[in-house]
Structure formats: structure tokens, C-alpha cells
Amino acid sequence: QVQLVESGGGLVQPGGSLTLSCAASGSFFNVGRMGWYRQAPGKQREVVATITTSGVTNYADSVKGRFTISRDNAANTMSLQMNNLKPEDTAVYFCNADIRPRDAPRRQDYWGQGTQVTVSS
């Protein structure tokens with residue numbers, strides 16, 4: 001069974017930093033595009049940043065210049081370095097990836113369980 005597991009959330013003061021991590025585990029052939037999404041209370045889930053297998057990245061305008069997404073293809077992991085955090089960054093952050101399980105003919109969309117990030121003084 002394929003799983004995505006996030007870690008690294010928590011409480012941080014405005015202007016502070018946090019690093020989120022995501023690891024894919026289970027029986028699969030390969031991991032394609034990966035990304036981070038977030039959902040604040042009362043709002044829809046939104047994309048934060050994505051990264052392809054070749055390292056091409058895209059960021060939401062609201063986090064450009066403050067967040068950095070990266071991945072380790074050999075380890076099937078992904079990280080999100082978040083700097084200069086603002087109260088409006090408060091949300092549950094979800095890891096997402098396209099993964100081809102060994103028992104499936106094509107890639108499928110997987111989500112982690114989410115990790116809470118709270119930015120508050």
C-alpha cells in the first residue's frame with residue numbers, strides 16, 4: 001500500500017521558519033510530480049508549490065520568494081522550506097504526489113494526512 005507521510009508542522013512566530021517533509025512509502029515503481037497544498041479554516045484547498053521529477057518548480061504568488069520546494073528522487077522524499085512566515089500561512093499542509101503502484105498500470109494521485117502549521121505571536 002502506497003502512503004505519503006508528512007512531518008515538520010508546528011507553531012511558529014511571524015517571521016519565523018519551518019521545514020515540512022514528505023516521504024513516500026510502500027510498493028511502487030516511481031514517483032512523478034509532487035507538490036504541497038494547504039487548506040485554511042473555511043477556505044478551499046490551494047496549491048502552494050509543485051516540483052517535477054526533473055526539478056522544475058512552480059509557486060503560488062503568495063509564497064514566492066519565501067518558500068522553497070525540493071525533492072530527493074532516490075529517497076522518494078520532498079521538502080518545503082518556509083521562511084518569513086506570516087499569519088496568513090496558517091493552514092493544514094498536505095503532501096501530494098503522482099505515484100505508480102506496482103499493482104496498477106498507471107500513476108495514481110496520493111495525498112498525505114496533513115500537518116498543521118500555525119503562525120502566531
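In this predicted model, Tyr93 is in contact (heavy atoms within 4.5 Å) with Glu6, Leu20, Trp36, Tyr37, Arg38, Val48, Phe67, Leu80, Met82, Gly114, Thr115 and Val117, residues up to four places away in sequence not being counted. Tyr93 is also among the residues with the most contacts inside the largest nonpolar core, together with Trp36, Leu80, Met82 and Ile99. Strands are DSSP runs (E, at least two residues), numbered from the N terminus.

Buried denotes under 20% relative accessible area, exposed over 50%, and partly exposed in between (1.4 Å probe, protein chains only). β7 and β8 run antiparallel and are joined by six bridges, pairing requiring at least two DSSP bridges. Phe67 stands opposite Met82 of β8.

Four residues separate the strands of this hairpin, in which Asn76 takes a positive phi near 55 degrees. Asn84, in the loop between β8 and β9, likewise has a positive phi, of about 50 degrees, and is partly exposed at 43% relative accessible area.

Residues are numbered from 1 along each chain as its sequence is written, and side-chain values use heavy atoms, without hydrogens or water. In this predicted model, local features need pLDDT of at least 70 and side-chain atom pairs count only at pLDDT 80 or more, while totals for chains, interfaces and linings use all residues.

Conventions:
Core = buried A, V, L, I, M, F, W, Y, C linked by side-chain atoms within 4.5 Å.
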